[in-house]
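Have a look at the picture, then read on.

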Amino acid sequence: MQAQVTYKEISGCKMLRIITIQQKVTRDVKEAAKNVNIKMIGAHVSHVTSAQAEKGELTRARQINKKWNEFLDQDIQDVNRENEEYQKYYKNYQERNNDLMGHVNKNIKRKIRRKSITMQN
């Protein structure tokens, strides 16, 4: 992986620094699942779900969230059953995600009620 950073020195010279690191990769899902960062994934799921909901795409928000939960429950959770730190953060993720999805589902119901009220008038 590489990053290119451009900057100016105090003397005014433009500089380019290239930073390179080697990162091990795997195609083995179980191996990758052992090293998953649940805090990062949880934050990502919350962000993507919230962004869709804010745009009014409530059904899409629910679909995306459901897919991520299936991934975590089926692919990640089994491998990390014995990892106490993972389990702690996973439980926290589930609680926060349930709250988030409660709000999304409540807004979906409101939207449906408004449409049915409008359709009756």
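**The positive patch**

Arg62, Lys106, Lys109, Arg110, Arg113 and Arg114 together make up a positive surface patch. A patch here takes residues with over 30% relative accessible area and no salt bridge, with like charges joined within 9 Å; the areas come from the Shrake-Rupley method with a 1.4 Å probe, and only the protein chains shown count as cover. Lys and Arg count as positive, and the charge is placed at NZ of Lys or CZ of Arg. Helix α4, residues 84-120, is the top contributor to the patch, with 5 residues. Lysine 109 is in that helix α4.

Before going on, a word on the numbers. The model is predicted, so local features need pLDDT of at least 70 and side-chain atom pairs count only at pLDDT 80 or more, while totals for chains, interfaces and linings use all residues. Residues are numbered from 1 along each chain as its sequence is written, and side-chain values use heavy atoms, leaving out hydrogens and water.

Helices (H or I, at least four residues) and strands (E, at least two) are DSSP runs, numbered from the N terminus. In helix α3, residues 58-76, you'll find asparagine 69. Its side chain makes a polar contact of 2.9 Å with that of asparagine 65; such a contact is a pair of N or O atoms within 3.5 Å, one able to donate a hydrogen and the other to accept it.

Now for a charged pair. Glutamate 31 and lysine 34 form a salt bridge between their side chains (3.9 Å, N to O), meaning a side-chain nitrogen of Lys or Arg within 4 Å of a carboxyl oxygen of Asp or Glu. Because they sit 3 residues apart in helix α1 (residues 29-34), about one helical turn separates glutamate 31 and lysine 34.

Terms used
Patches are made of residues with over 30% relative accessible area and no salt bridge: like charges are joined within 9 Å, nonpolar side chains (Val, Leu, Ile, Met, Phe, Trp, Tyr) within 5 Å.
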